[in-house]
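Morning, everyone. Please have the sequence and the model open while I talk. I'll go from the whole chain down to single residues.

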Protein chains: 2
Amino acid sequence: MDTISELQDFVKNGYKHYIPHISIDSAIFGYHDHQLKILLSNYKALDGYCLPGGYIKRTETLDEAANRIVMERTGLKDLYLQQYKSFGDPDRIKWSEIDFENFLKKIGVEPIKDSWLMDQTISVGYYALTDFSLVTPQGDFMSDFCAWFNINEIPPLLFDHDQMVKDALHTLRIQLYYYPIAEKLLPQKFTLTEIHSVYETLLGKKLDIRNFPKKLVFLGLIKKLSEKRNIGPHRAPFLYKFDIKTYNKALEIGTTLS
Amino acid sequence: MDTISELQDFVKNGYKHYIPHISIDSAIFGYHDHQLKILLSNYKALDGYCLPGGYIKRTETLDEAANRIVMERTGLKDLYLQQYKSFGDPDRIKWSEIDFENFLKKIGVEPIKDSWLMDQTISVGYYALTDFSLVTPQGDFMSDFCAWFNINEIPPLLFDHDQMVKDALHTLRIQLYYYPIAEKLLPQKFTLTEIHSVYETLLGKKLDIRNFPKKLVFLGLIKKLSEKRNIGPHRAPFLYKFDIKTYNKALEIGTTLS
């Protein structure tokens, strides 16, 4: 939606093309070089931050809608993207505190009484993971800008988005152990030091450098190669790779532990 | 909803009290004595089976709605209940193939043109786990009856409910390793044989009797007690219990493996 007349039509007739009462919000995490960030949108109507979100076209699946919404903000297709939870507390958006009509006027759109956009809405939460150095964040008509924030420096978010981020991060951290999520952030063959850094950064805590890789090997999630990498005099650690077969089996039959 | 006039009002005005375009469907699993079952509802309008479901009151959280819906069918409060995924493929319910007006006439309700019940709907999937011997299944106005089916003898289900069951079972099986789900199905102190049976039944496969408990102990999910249970001459296996602290830590910080 680029023009005012498109926006006007969206506010007035959007429910014909999008499913009302349901939105998608995306916690887009970015990793690079020991840093974990999250993409936040500046929400003009309220002068605060929230997760990038959008509505579901009546012709789209939820995954298609989430991919489109994430693409609109990151410019990237086919990110690692995972639905994690739907949020539906009745008071999750306090419309009585939001001057939506005034916001519409400000951006040049004629306010509509009882717009479909202001009715009770349940949001389907997705999380995504990418290398943030690859992304140029994009705003949209609701936001002034969209930017990466360090995971430990997130400002208080609008609506129930603090809870959404908390749950997204929790799911990412649990799923690290049965989806090959970290695979996208590592070279195909990596050292234990490298995978240790990615896991420490994503989990946000120190991991025992000796025990942690042992567990991954014990569970069959990574395997040792006979190849080494020369990184200095007398320093040539063994290389490892993900055992995608184990992951696929885990996903199919339920767990890596049985 | 017990009377025809209540039903009539629900079909006509239900969207004022319930959020339109969103439903909840529940995969209610039942375990007892080496058997895993699922609760299915006979859907009158289509003469087929589906998961028990319902709508969300505008004053309810999703969890509250799911608890109410599950209670209406099982008579049980506070079951182990977990949201696992939302389903929103545009063609998940083929309304053109459903003679909803005729169904309403059959049950004595005057059909409404373009009822809110027949618009595109996204469903939030919950799964529950209980001991099926405790449950007396209840039908409702949409179903003739509701009954337990063996997990390996599920008839083809209506809508996208085959996929819902598949995903619910998959989530249950993965979560067995980081939520103390099986705790509700075992005595507080149990033998390795007992926990082995519950896991084998829920996972639907044979587990190595020696390796499986070792992994649970290794991960700190169960711990050995000094107490034994006498079950026969020369047979007194050690008792174990869940280490709820490890589970809580896992839920809080992300995983049991770090």
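First, a convention for charges: Lys and Arg count as positive, Asp and Glu as negative, and His and the chain ends are left out. Each charge is placed at NZ of Lys, CZ of Arg, CG of Asp or CD of Glu. On that basis chain A carries 32 positive and 33 negative side chains, and the centres of the two sets are 10 Å apart.

Now the ground rules. This is a predicted model, where local features need pLDDT of at least 70 and side-chain atom pairs pLDDT 80 or more, while totals for chains, interfaces and linings use all residues. Residues are numbered from 1 along each chain as its sequence is written, chains are lettered from A and ligands numbered from 1 in the order written, and side-chain values use heavy atoms, without hydrogens or water.

Chain A overall. It has seven helices and nine strands. Those are DSSP runs numbered from the N terminus: helices are H or I with at least four residues, strands are E with at least two. The C-alpha trace of chain A spans about 70 × 40 × 30 Å along its principal axes. Its accessible surface is about 12,300 Å², and carbon and sulfur atoms hold 48% of that. The method is Shrake-Rupley with a 1.4 Å probe, and for residues only the protein chains shown count as cover.

How many of the residues of chain A count as buried? Of 258, 55% do. Buried means under 20% relative accessible area, exposed over 50%, partly exposed in between, again with a 1.4 Å probe and protein chains only. Contacts next, meaning heavy atoms within 4.5 Å. Take those in chain A between residues at least 6 apart in sequence: 72% join residues at least 24 apart.

One annotation. The unreviewed UniProt entry marks residues 184-242 of chain A as "domain: NrtR DNA-binding winged helix". Positions follow the numbering used here, feature names are shortened, and such annotations may be inferred rather than shown by experiment. That stretch of chain A is 34% helix and 20% strand, with its end C-alpha atoms 11 Å apart.

Now strand S6 of chain A, residues 122-131. Nine of its ten residues are buried. Which strands pair with S6(A)? Pairing requires at least two DSSP bridges. S1 of chain A, residues 18-32, runs parallel to S6(A) over ten bridges. There, Tyr31(A) stands opposite Asp131(A). S5 of chain A, residues 80-87, is antiparallel to S6(A), with seven bridges. Tyr80(A) faces Leu129(A) in S6(A).

Over to chain B. Tyr127(B) sits in strand S6 of that chain. Its relative accessible area is 0%, so Tyr127(B) is buried. Beyond four places in sequence, the contacts of Tyr127(B) include Ala27(B), Tyr80(B), Leu172(B) and Ile181(B). Thr130(B) is buried, at 7% relative accessibility. Among the residues it touches are Phe29(B), Tyr31(B), Trp148(B) and Leu185(B).

Last, two positive phi values. Phe159(A) has phi near 55 degrees and is not a glycine. Phe159(A) lies in the loop between strand S7 and helix H4 of chain A. His21(B), not a glycine either, has phi of about 75 degrees. It belongs to strand S1 of chain B. Buried or partly exposed? Phe159(A) is partly exposed at 26%, whereas His21(B) is buried at 8%.
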